[in-house]
Amino acid sequence: MKTIRTAIFGTGFMGRVHLEGVRRVENVEAAAVVGRNEEAARRLGAAFGVPKIAADYREVLRDPSIDAAHICTPNAQHFSMAKDALEAGKHVLCEKPLTTTVAEAEELSALAASKGLRNCVCHNLRYYPQVQQMRRLREAGDLGDILVVQGTYSQDWLLYDTDWNWRVDSKAGGASRCMADIGSHWFDMAEHVTGLRLASVCADLQTFHPTRKQPKGSVETFANKMMGPGDYVETPIDTEDFGAVIFRMGNRTRGSMTASQVSAGRKNGLRIEVYGTKASAAWNQESPDELWVGHRDVGNEIFVKDPSLLRPEARSYADLPGGHSEGYDDTFKQVFRRFYGSIREGSSAEYPQFNDGLRQMVILNTVLESNKKRGWVDVPAFKNSK
């Protein structure tokens, strides 16, 4: 079986996660690492035995032996890198958000379709086994008609004004930070699990730190919490720390969510609750192997992940037997396995594609518009993959 050779663009937190994930997929070779800081790229590549190191991603795209590229760089670089990769005939897997504007996302989605190349946006959080189980319960009718969807995605890593990351800078991350970075994961999961589409939103965004103390040196994602006192530059901030959204899904379903990067004690707390006319289901990313199912007239249940007890449609998302936890890093393996399987076998794309990334950019743009208008705004009609 031919080995697919892929390149990782980016050497920060996400670049390393992708590199580790690629190495867990059968018949896929991490053949190149690209980093703006060539020394950092060399160190990362050497640690994983990657043969090719480059500071310019275009050099890698000119290599005919490279089949695909993972884009794990700051958001503002996604569009140009993905476009160049597609035009070079490479399959592309891009971190979210796909781009920083709807127009860019539309262009990439259309280009990928015209080139006939495989494309994926990394909404990997869909692929926890218990999230898939929740979706299959809904599909089987066990929850009944969905009435309410609610939840949060809360973190604390930007709680202090001394906390810094490239994401706080709109030039690198785009007009939105908190909603784009983690709110997009929540909305993607809500639509994926329920099968419903957001129809309208009413949003309120807040920047609690109008200025932050920017370190004079570079800081990797999440590493800022371990920094001691040092030299800082007081820097104005124009991206949000928190967002709250109430929304309508379809004609009947209603919901609410918050996204926060300033919630003390919440490390990576995505929680989603789906309430139906027959039963309810709730899942928390900080306890990923547990699924709560609620009932009106009998006792509630907590199911611990066990492939033999999952619905058949959800079973392939769990590789380890009951009692063996599967977490964040395993979700990347599940996405990558399906992405590369579709390249090798020509099978259907059972993963989020650029069109899904465009969908989240449309939702994000609507949230920003609602916050600006301080009122309800309809989400433009959109047809995307499941």
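**View 1. Helix H11 lies across E8, E11 and E17.** In this predicted model, helix H11 covers residues 354–373 and runs at about 55° to E8.

**View 2. Nine strands make an open sheet with mixed pairing.** The 9 strands follow the order E16-E15-E14-E13-E7-E12-E11-E8-E17. At the edges are strand E16 (301–304) and strand E17 (377–378), each of which pairs on one side only.

**View 3. Strands E11 and E12 are antiparallel partners.** Strand E11 (residues 242–249) is joined to strand E12 (residues 253–260) over 8 bridges. Ile246 has Ser256 in E12 as its bridge partner.

**View 4. Helix H8 lies across six strands of the model, listed here.** Helix H8 (residues 178–194) lies across strand E7 (146–154), strand E8 (198–206), E11, E12, strand E13 (269–276) and strand E14 (280–284). The angle between H8 and E12 is about 150°.

**View 5. An open sheet of 6 strands has parallel pairing.** The strand order is E3-E2-E1-E4-E5-E6. Strand E3 (52–54) and strand E6 (119–121) are at the edges with a single partner strand each, so one side of each has no neighbour in the sheet. From one strand to the next, the twist averages 20°.

**View 6. Strands E1 and E4 run parallel.** There are 4 bridges between strand E1 (residues 4–9) and strand E4 (residues 68–71). Ile8 has His70 in E4 as its bridge partner.

**View 7. Helices H4 and H10 lie across strands including E5.** Helix H4 (residues 78–87) lies across E1, E4 and strand E5 (91–94), at about 160° to E5. Helix H10 (residues 328–345) lies across E1, strand E2 (28–34), E4, E5 and E6, at about 165° to E5.

Notes: Residues numbered from 1 in each chain as written. Predicted model: local features only at pLDDT ≥ 70, side-chain atom pairs only at ≥ 80, totals over all residues. Heavy atoms only, no water. Pairing = 2+ DSSP bridges. Helix = DSSP H or I, 4+ residues; strand = E, 2+ residues; numbered from the N terminus. Axes fitted to C-alpha atoms, helices over the stretch in contact; angles between N-to-C directions. Contact = heavy atoms within 4.5 Å.
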